[in-house]
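Take a walk through this structure, one part at a time. Keep the sequence and the 3D view side by side.

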Amino acid sequence: MGEIRVGKYVILDDRLYTETDEWVKLEGNTAIVGVTDYAQKKLRDIVGVQLPETNREVQAGEAVASIESVKAASDIYAPLSGRIFKVNDELALSPELINQDPYGKGWIFVIEMSKPEEKERLLTPDKYIQTIKQREGL
Amino acid sequence: MRFETPLRRIEEQIGANFGEFAGWEMPMSYGSYRVEHLAVRTSAAFFDLSHMGRLKVEGDPREFDYLTTKGISRFKENEMTGPQAFLNDRGGFIDDFMGYRVSEREFLIVTNAINREKVISWIRRNSSLSVEDLTFKYVMLAIQGREVWKSVPKPELDPLRFVMNVNFLGVNVFLLSRSGWTGEDGVEIWADPSNAEALVKKLIELGVRPAGLITRDSIRQEMGFVLYDEDIDENVTPIEARYWIFDLDRDYIGSGALKEQLRAGVKRLRVGLKAKKGETKLPRHGQGLYVGDTKIGEVTSSTHSPYLNRVIGMGYVSSDHFFLGMSLEAETRTGRITVKLSDFPLI
């Protein structure tokens, strides 16, 4: 696993990304989802997470969770269609895990994919780096 | 263009995340506002407040009295006035500020960052007082905390007193005052940028934690202190804000309107809000407060209090609905939450 730095933002090369700043780590027929280091830095201190219910069927692009920070509230979108297989219950008590470890302990939910071919639409680390560079004028 | 604190470089070295506030790039947090907030409430922390407008006003104290809700004449040299305000003739806030009496004809004021230029031109327009902007000449630091004197030496100063051109922690400072805006004890310091940088290094050595403006915001909300443009503005009076910082025994701009409002009563009043433990949704500025379908007020500020471990805030309710202690509903982006109308301070 390699770490790439774009300005002050960290991007990992072992996963895929979305335009809405989620990361997706594929493991077999499941996908672990969280928000990127860029997203958590923009949101600043996170004070609450509303998690989806497990077993809920979701469509790619559907808002399924939301994050509340001192700055704003923002939606987390399902990057892929499928069933919510697991959620990170620890975030209910310790939402700051997303700030502290966005790519690890701050994971949000796991989807069991129903349309694995949708992953072709996700951004590669290189594409996501370009997106961040453009937004930040780097 | 954005202004930048002269301490940016050293603050970056000690882990500050920068963000915009009132046109300034300032440290928002140093990793975790919870840790910083709890440091203020249990030990000590320091803030960079260099964004705050700092003005030197010179002239006849009676002229200054006429512009301000508490005046300056009755304060002695080296005494601070506490928070007070400039009002418009409707009694609305031009700004709330802190005053310092330096000498017979020389006063210092600390304005909200967002009002610095407005205040300068308002004073000039309404008086013959001279105004010099010292904001860019000095850095302002606040060292605050429940156990602050365990980390820094306690100066020989009573609360709301100040001294000038003294040595503090081995560094020459322009102004040292026993004051703050946190509800805890501490000092505030004005120093030129290089001395301020030396002071920051010293504070780090002493184990005083740096804190950012997010903590400043959560701390002041616990105390029920207002923030200009969020909780007060030119259309709100100190009576509606329940911000008792005005004299009634003399005349000044806005005093007539205040007296009239005290006679006639007000339509709305500021109130504190507390959500239940475990609630994670924040009602934001401008969102409604409801009893059933009836909107009775609006939220003006909110945050998550790390000290109470719950969502808190403040807002205004119609004075017919000033039901302290009652739980009602606040609108959030994703549905209503229950909040209890509470008096200040919230801790």
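This is a predicted model: local features need pLDDT of at least 70, side-chain atom pairs count only at pLDDT 80 or more; totals for chains, interfaces and linings use all residues.

Residues are numbered from 1 along each chain as its sequence is written, chains are lettered from A and ligands numbered from 1 in the order in which they are written, and side-chain values use heavy atoms, with hydrogens and water left out.

Start where the chains meet. The size of an interface is often given as the accessible area lost when the parts come together. Chain B and chain A bury about 1,400 Å² between them; buried area is the accessible area (1.4 Å probe) that two parts lose on being put together, summed over both. Carbon and sulfur atoms account for 44% of it. In chain B, the residues that lose the most area to chain A are B:Thr280, B:Arg284 and B:Arg333. Together they make up 39% of what that side buries. Chain A brings 19 residues to the contact and chain B brings 18, where contact means heavy atoms within 4.5 Å.

The rule finds three salt bridges between chain B and chain A; a salt bridge is a side-chain nitrogen of Lys or Arg within 4 Å of a carboxyl oxygen of Asp or Glu. A:Glu96 forms a salt bridge with B:Arg34. Their closest N and O atoms are 3.7 Å apart.

Which parts of chain B touch chain A? Strand E2 (17–21), strand E3 (24–29), helix H2 (33–42) and strand E17 (294–305) of chain B each supply at least two residues. Helices (H or I, at least four residues) and strands (E, at least two) are DSSP runs, numbered from the N terminus. The largest share, three residues, comes from E2(B).

Now look inside chain B. Six strands close into a barrel in the order E15-E18-E17-E16-E19-E20, with antiparallel pairing. Two strands pair if DSSP finds at least two bridges between them. From one strand to the next, the twist averages 45°. Strand E16 (residues 288–291) of chain B runs antiparallel to E17(B), and four bridges join them. Here B:Val291 stands opposite B:Thr294. Helix H6 (residues 213–223) of chain B packs on the sheet and touches E17 and strand E18 (310–318) of chain B. The direction of H6 makes about 130° with that of E17(B); axes are lines fitted to C-alpha atoms, for helices over the stretch in contact, and angles run from 0 to 180 degrees between N-to-C directions.

Chain A has an open sheet of three strands, in the order E6-E8-E9, with antiparallel pairing. Strand E6 (46–50) and strand E9 (73–77) of chain A stand at the edges, each with a single partner strand, so one side of each is left without a neighbour in the sheet. The twist averages 25° from one strand to the next. Four bridges link E6(A) to strand E8 (residues 63–69) of chain A. A:Ile46 has A:Ser69 as its bridge partner in E8(A).

Elsewhere in chain A, strand E10 (residues 82–87) has two bridges to strand E7 (residues 57–58). E10(A) also pairs with strand E11 (residues 109–113) of chain A, over five bridges. Both pairings are antiparallel.

Two backbone details remain. A cis peptide bond joins B:Phe344 and B:Pro345, with omega about -10°. B:Asn165 has a positive phi of about 50° although it is not a glycine.
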